[in-house]
2 protein chains.
Amino acid sequence: MSKKYVVIGGVACGPKAAARLRRLDADAEITIIEKGDILSYGGCGLPYYLSGEVEDLEELWSTPVGVQRDEKFFKNVKNINVLSNTLAEKINRSQKKVEVMDLKTNEKFEIPYDKLVLAVGAVPNKPPIKGIDLNNVFELYHPKDAKKMRGIVEAGKVKEAVIVGGGLIGLEVAEALTKQGVKVTVIEMIDKVLPKMLDVEMSMLLMKDMKKNNVDVLTSTKVLEFEGDSDGNLKAVVTDKGKIDAQLALISVGVRPNIQLAQEAGLEISDNRGIKVNEYFETSDPDIYAGGDCIDNYNLVYNQSLYTPLGDLANIHGRIIANNIHGNKEKFPGTVGTSICKVFDFNVASVGMTEEMAKKKGIDFVTVLAASPDKAHFYPTGKPIFIKLIGERQTGKILGAQIVGYGDVAKRINMVSIGLYYGIKAKDLAKMDFAYAPPFSPAMDNLIVAANIMQNKIDGMAKAVSVMDVKKKLDNKEDFILLDVRGPEEVKTMSLPYENVKYIPLGALRKKYVELPKDKEIIAFCKISLRGYEAQRILEEKGFENVKFMDGGIISWPFECNM
Amino acid sequence: MSKKYVVIGGVACGPKAAARLRRLDADAEITIIEKGDILSYGGCGLPYYLSGEVEDLEELWSTPVGVQRDEKFFKNVKNINVLSNTLAEKINRSQKKVEVMDLKTNEKFEIPYDKLVLAVGAVPNKPPIKGIDLNNVFELYHPKDAKKMRGIVEAGKVKEAVIVGGGLIGLEVAEALTKQGVKVTVIEMIDKVLPKMLDVEMSMLLMKDMKKNNVDVLTSTKVLEFEGDSDGNLKAVVTDKGKIDAQLALISVGVRPNIQLAQEAGLEISDNRGIKVNEYFETSDPDIYAGGDCIDNYNLVYNQSLYTPLGDLANIHGRIIANNIHGNKEKFPGTVGTSICKVFDFNVASVGMTEEMAKKKGIDFVTVLAASPDKAHFYPTGKPIFIKLIGERQTGKILGAQIVGYGDVAKRINMVSIGLYYGIKAKDLAKMDFAYAPPFSPAMDNLIVAANIMQNKIDGMAKAVSVMDVKKKLDNKEDFILLDVRGPEEVKTMSLPYENVKYIPLGALRKKYVELPKDKEIIAFCKISLRGYEAQRILEEKGFENVKFMDGGIISWPFECNM
């Protein structure tokens with residue numbers, strides 16, 4: 001007799017599991033239950049619909065050749081039954097049935113299963129803020145949200161908008177609305193945007209660019225209330241730092257696993273409040289699997305489970321779930337937590353552990369901030385990228401990377417991702433053979449340079465101070481020398497506005513070092529601090545004992561500069 | 001007493017070794033001997049100077065902030081003595097001296113060393129063709145070659161040019177000269193361009209694009225003679241397929257290791273005719289090291305040494321040589337042979353083993369050709385890329401990748417490169433967490449899709465025929481069905497001009513399969529053959545036993561199409 005496979009959830013993990021099951025088992029009866037009316041949509045594309053870059057919303061759930069992935073498509077092409085507008089109300093585990101309701105007719109019925117897949121996704125968090133139910137206070141989770149938002153924007157009803165929450169979606173929407181001519185303010189409770197991905201100095205580089213693009217970012221700011229007009233439409237957002245006029249607000253303060261159905265069915269829930277699964281994606285009921293945004297993932301860098309709702313993972317889960325259901329036992333090894341986003345022309349990517357997390361975990365770590373163009377320096381289209389690496393001091397094992405900038409960060413973050421699966425060390429990375437031609441990278445890839453700096457630090461050759469620590473020293477009025485070893489022409493274009501700064505170009509340092517006191521701390525820097533590092537070595541040759549360089553150079557300085 | 005370190009060769013490996021030695025040892029006397037007058041130049045940038053993209057030749061040997069890396073620079077910044085225009089004539093190993101001649105004064109003298117580094121690079125091959133010494137028959141190895149070439153091109157003396165050799169430099173120059181308004185013909189002896197990097201079908205995709213850009217590529221063609229005019233200037237190139245008018249020719253038929261000095265000094269030479277070194281870059285004389293293009297590299301995929309002259313490796317060698325000389329023993333693990341180039345807007349990259357090589361080595365392998373856009377399909381700037389993977393059939397271990405196309409190939413090739421260092425298998429790659437956002441990749445990265453197809457082939461689920469084998473069947477007039485499962489609108493834009501083709505859109509196949517004969521071989525395809533694969537599975541469901549799909553789909557068809 002043919003098997004009955006039922007999948008609850010029709011967006012990413014669910015359809016992937018169903019499609020793979022069909023290819024594995026020609027005879028199975030496969031049913032997808034979806035409470036909405038849109039299947040297999042690319043939720044990550046919603047901001048690009050908002051910006052107008054994606055013209056028609058339907059593109060998000062069409063195949064690459066323009067066929068809509070609707071019920072008919074699933075039936076004709078994949079012989080999969082889709083029940084859309086159908087709510088799974090209850091899982092009857094003892095009888096192996098799902099109790100559902102047709103949301104159009106309110107008719108209730110049961111669907112029996114041999115194996116059940118829960119791909120029920122996430123639920124957007126909704127903070128208990130007064131006025132959150134006003135008109136034009138949105139969340140962006142479903143295509144219908146995007147449609148409404150773009151509608152009122154294109155109708156000219158929105159001059160100002162507030163994004164509550166500086167996460168991925170919030171920032172992508174900030175760009176999208178700005179492109180639509182809206183003045184956008186992002187409000188974030190803590191001191192940085194993209195807090196899970198970035199340490200504060202990297203976050204500040206991003207915020208600097210957002211400011212250039214006319215987006216106001218208010219960190220360490222709390223939303224107190226949404227204020228409406230007499231028609232119940234949003235007119236302002238009240239924060240602990242003042243009121244901001246806004247005709248549209250987006251709440252994007254993260255999502256949480258959708259566990260209600262599983263919990264009511266008595267399935268185990270994990271510490272991260274996801275549906276608990278083992279490495280085969282089996283829940284505590286061996287006939288029920290779960291994957292996608294409703295579970296958490298084992299993180300190989302953290303050596304613990306974390307909630308990482310990512311679109312690429314949902315697809316991988318779906319495929320492995322199908323293999324396991326079919327009997328081709330396959331383990332999911334876990335993740336490394338790779339994220340990326342584009343905010344205007346600034347790319348931001350992250351993988352593994354941040355410095356903040358390494359600190360929290362009590363790890364003895366070393367960090368590097370390496371800035372340089374992403375192509376051969378003479379190649380005209382090169383653009384700067386900033387690589388921060390976090391590594392274990394004892395072993396040089398890479399723990400995480402944050403890569404931001406106008407250049408190609410996607411390549412380098414994926415390189416680190418693969419490395420993390422294998423426990424790559426800085427010194428291994430530094431010896432690897434990567435694709436070099438001037439239009440693609442410098443002869444020594446930026447990542448190799450960063451890895452070499454890390455190894456130099458571990459070996460005690462390179463001694464660096466982070467931009468954040470330099471700023472702290474300046475704020476504390478410490479007595480030290482900031483040695484700018486750039487040439488005079490470079491200094492004219494950008495300089496640090498502090499009295500601590502002294503100028504000696506690197507080429508003159510072997511003669512002019514005598515002008516420097518040996519009893520003061522010296523922190524050398526240049527544009528990217530490769531010359532800063534050379535300066536450290538030269539001064540050490542000359543008997544100086546308290547010389548360091550500023551990691552990342554002036555180009556990585558996230559505070560105000562003289563320009 | 002301070003150590004005396006002497007480096008012969010001032011381009012890539014040599015200056016890197018010298019600079020690192022200085023940072024490791026403040027007291028050492030470090031000397032670079034360079035026969036030319038230009039140091040540390042980016043030889044890979046010469047084609048971009050030719051094209052005009054790099055305006056001034058000096059940019060190729062300037063630092064990113066515009067300081068020329070000349071003798072003064074090395075002295076002032078790095079305290080390294082550079083003897084340029086100085087030829088190393090002989091190594092006196094017993095007395096540990098290099099005998100040199102100042103090429104400007106013809107003065108001879110000796111330089112003593114404690115440790116010597118040979119970074120003497122490669123020598124361009126010069127085939128014994130009649131007329132090769134005519135004016136305007138060039139090689140492109142040194143900046144002065146580029147200067148001369150650009151000079152006569154900008155003087156309007158070149159209408160037509162011939163490139164002899166379809167390697168990396170040849171193709172980059174083909175683009176450069178075309179951009180300068182020159183009609184270019186590339187002549188290659190064997191049946192494909194970039195023969196070390198690409199299998200023939202991938203090479204054909206590139207050649208298709210070059211043709212679009214008005215470059216003629218003549219493969220399987222031999223140059224017989226360069227014909228000159230009465231002034232001794234090139235006027236035509238005679239081949240075994242006819243004569244081509246040309247006022248400029250470039251000979252780019254590869255390079256070989258420069259071993260003369262080493263050989264005369266009695267140092268061991270490797271099977272690949274490079275200077276023989278161990279994994280510490282020590283030659284057969286423990287006081288002499290060698291690195292860069294004058295040695296061969298151990299290839300971790302081939303498990304043998306190969307000659308792979310690559311700029312990124314030269315830099316890595318130089319650094320490791322310095323570490324070893326200083327006593328920080330460090331092994332070079334070997335390479336995976338990663339190459340990349342851009343030819344017009346078409347990017348071409350390769351790593352590890354080609355199918356051709358796997359065949360020669362008698363490996364039981366499986367290949368995949370996966371084509372798709374490099375970004376989420378709905379994201380407007382996505383461009384197609386073509387990924388060919390070669391893997392070991394038994395284990396699924398990846399042996400090599402060729403990635404070409406208009407989209408982001410650099411990212412994916414480097415991902416494979418790192419994987420190869422760790423012996424990555426298709427099924428491991430397919431489960432990895434990469435950075436996904438619509439502007440950067442599809443939710444399932446192209447590489448994951450390719451890896452899944454490979455695993456499906458290994459598992460016997462996916463049965464494919466390569467485009468080359470399909471063409472062979474067509475040429476042999478075999479009786480089989482080419483089942484095009486695309487929709488009618490797609491078929492209009494591009495179709496295969498053969499009577500074997502039958503059209504049934506995938507969405508209709510579950511009904512119309514009855515129109516197909518069960519006793520004939522069926523090869524299904526669509527645009528990229530994901531639907532071709534679905535068709536294979538559907539027909540198998542229906543009891544067909546001889547169904548396959550065409551790897552890569554019609555978009556990967558390297559022969560003529562109806563357009």
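The ground rules come before the rest. This is a predicted model, in which local features need pLDDT of at least 70, side-chain atom pairs count only at pLDDT 80 or more, and totals for chains, interfaces and linings use all residues. Residues are numbered from 1 along each chain as its sequence is written, chains are lettered from A and ligands numbered from 1 in the order in which they are written, and side-chain values use heavy atoms, with hydrogens and water left out.

Entry 1, helix α5 of chain A. I took helices (H or I, at least four residues) and strands (E, at least two) as DSSP runs numbered from the N terminus. α5(A) covers residues 168-179. Its 12 residues reach 17 Å from first C-alpha to last, close to the 16 Å expected at 1.5 Å a residue; the expected span is 1.5 Å times one less than the number of residues. I then checked burial (buried is under 20% relative accessible area, exposed over 50%, partly exposed in between, with a 1.4 Å probe and protein chains only). In α5(A), 9 of the 12 residues are buried, so the helix is largely enclosed by the rest of the structure. Among them are A:Leu171, A:Val173 and A:Leu177, and also A:Glu172 and A:Glu175.

The buried residues include A:Arg531, A:Tyr533, A:Glu534 and A:Arg537. Just after α16(A), A:Gly543 has a positive phi of about 95°.

I located B:Glu330 in the loop between α8 (311-326) and β21 (339-343) of chain B. Is B:Glu330 buried or exposed? At 16% relative accessibility, B:Glu330 counts as buried. Its side chain is joined to that of B:Asn323 by a polar contact of 2.6 Å (a pair of N or O atoms within 3.5 Å; within protein, one must be able to donate a hydrogen and the other to accept it, and residues adjacent in sequence count only if both atoms are side-chain atoms). Leaving out residues up to four places away in sequence, I listed what B:Glu330 touches (heavy atoms within 4.5 Å): A:Lys431, B:Glu279, B:Tyr280, B:Ile320, B:Asn323 and B:Asn324.
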